[in-house]
Amino acid sequence: MNTTAAGVLAPQARLLPALAAVYRAQLSRARVSRIPLLFVATFQSVGIMILMRGVVDGGSEARAVVAGSSVLVVAFVALNLLAQYFGQLRASGGLDHYATLPVPPASVVLGAAAAYASFTLPGTLVTAVFGCLLFGLPMGGLWILAAVVPLAGAALAGLGAALGLLAPRQELATLAGQLGMSAALLLGVLPPERMPDVIVWARDLLPSTYGVEAFARTFTPHPDWAAVGLDLGVCGVVGVLSLAVATWAYRRAAVR
Amino acid sequence: MAADAASDVVCAVRDLVKTYPAVRGRRGAPALPETRATDGVCLDVRRGEIFGLLGPNGAGKSTLVRQLTGLMRPDSGSVTLLGHDLVRHPERAARLLAYLGQESTALDELTVALAAETTGRLRGLGVRPARAERDAVLEELGLTAIAGRPLKKLSGGQRRLACFAAALVGERPVLVLDEPTTGMDPVARRAVWAAVDRRRAQHGATVLLVTHNVIEAETVLDRVAVIDQGRVIACDSPAGLKARVSGEVRLELVWRTAPPLEVPEVAALAPAAAGAGRRWVLRLASDEARAAVAAVTGGPAFAALDDFTLATPSLEDVYLALGGRTSKGLVKS
């Protein structure tokens, strides 16, 4: 049996080309089936801002509401929908497809996460513009969304993918995604000034908070750019960590 | 001679064991005892052959295949594929074989073309080669006309064929196909077997096929391992297996209403008959079968007879003769 030389191994797919292929495939999926959900996410955030308009009257609270509602779109798609997607993929055996291809786990997780996150950009932008008009905030700083969406998206998508891949059952993955989204909604949209200490700590633990804070700071007449950079830095670090956890979770789920 | 045969072994499996732990009962889900899904399996698959795993549903075929493709770790035993130890290095399986599983959820929302192209890219092909192979495979399987449609919108057989196409993009020396033709019409089936044969003739590809379809097993397989309750109960060519029961023939009787048990000859056959209600299946030595046919077609029993067939044994008969517990999961179509 050992008389033959070992068979030639086909080359492994490299990280970036594989990531690009997964990204492209996921984005095309999103076009087909996720656009209605993006509308839901956007209308939900717009609705929340209209509701809050009756309670909040300008100032820091208005900035927090607009920033929180915008980032909520990211949380809805990247955390909630991605958790559901990976939960479903794992439960139905769909992961076998990727697991029997010579593709780095990081490519699958990052490709899917990036597709979901970039898919949220239009919804986030619409929400932010609408919020600025509603609360009379300046729109000059909206370019920061180009940094906030990928960074908060990475953190939330990694979290969502990890939840979906680690949940022992599909329903639990869906539940975890929904709960994560509810947390992002309550802790991100409501102005922190009125919250009790315990809730504020919980708020500090949620990765999307730093995206919200960074975005909210840019509405002030003279933004504190150092603080914005720090917040985005935290977002990025959490993003790297959560994507690493998601990659580990994928490996674990793929070989049972 | 023995050394020659051994050097031609592509996939060697020795004493493979996999046990699923007992599952505690929950609401809506009954408790399951510990199950030995793979029970000391030994196999040798040779280069260039179409090797089949045949058995009813739940026999342990898919569990076995998952261990051969590195998707599942066995509890003990060894799997050697093209000289690589897949128990120690399960990740190498993806670089040696192409796998078509039973599920298509990973590809469902993609178009046929994108599913094939993406799979090729993830098998390590560059953009251009992946597209060229995609076009060639879709053309070969007659899928070009529906290349732009999402898999979700296709019929079951077409979707299966699209998944098969994805499995072929990015050539591999070993193809592992888990019930590839489920739900396909005869045209699609022919396309699948023609594509498999072409790869065998041109590249010496080896195919490991899981099936519960007896007719398909008899027509396409070079050798077949019959699996029952996690064990290989026989392994030979379909003709060789059938020779084991060559002394027997199969007699099928279909009665118009109830079997006429008041006829003594019919009553005598009743204990040997398997089947349900109006349909009887008997496995008899050829002279006994001749006598039985004479009895049911000649006497008063003929009035109650709707149809009868006399046939040489199929792999299903082999399966039952070898002690297979149930033939319910085997399909003949």
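**Legends to close-up views of the predicted model**

**View 1. Helices α2(A) and α3(A) are roughly antiparallel to each other (an angle over 145 degrees; under 35 is roughly parallel, 65 to 115 roughly perpendicular, the rest oblique).** The axes of α2 (residues 35–53) and α3 (residues 59–92) of chain A come within 9 Å and cross at roughly 150°. Axes are lines fitted to C-alpha atoms, for helices over the stretch in contact, with angles from 0 to 180 degrees between N-to-C directions. Helices are DSSP runs (H or I, at least four residues) numbered from the N terminus. The model is predicted: local features need pLDDT of at least 70, side-chain atom pairs count only at pLDDT 80 or more, and totals for chains, interfaces and linings use all residues. Residues are numbered from 1 along each chain as its sequence is written, and chains are lettered from A in the order in which they are written.

**View 2. Residues in the contact of α2(A) with α3(A) comprise 13 nonpolar, five polar and no charged.** Nonpolar means Ala, Val, Leu, Ile, Met, Phe, Trp, Tyr, Cys and Pro; charged means Asp, Glu, Lys and Arg; the others, Gly among them, are polar. Contact means C-beta atoms, placed from the backbone, within 7 Å.

**View 3. The contact between chains takes 33 residues from chain A and 37 residues from chain B.** On the side of chain A that touches chain B, α1 (15–33), α3 and α4 (95–99) each give two or more residues. The largest share, eight residues, comes from α1(A).

Methods: Contact = placed C-beta atoms within 7 Å.
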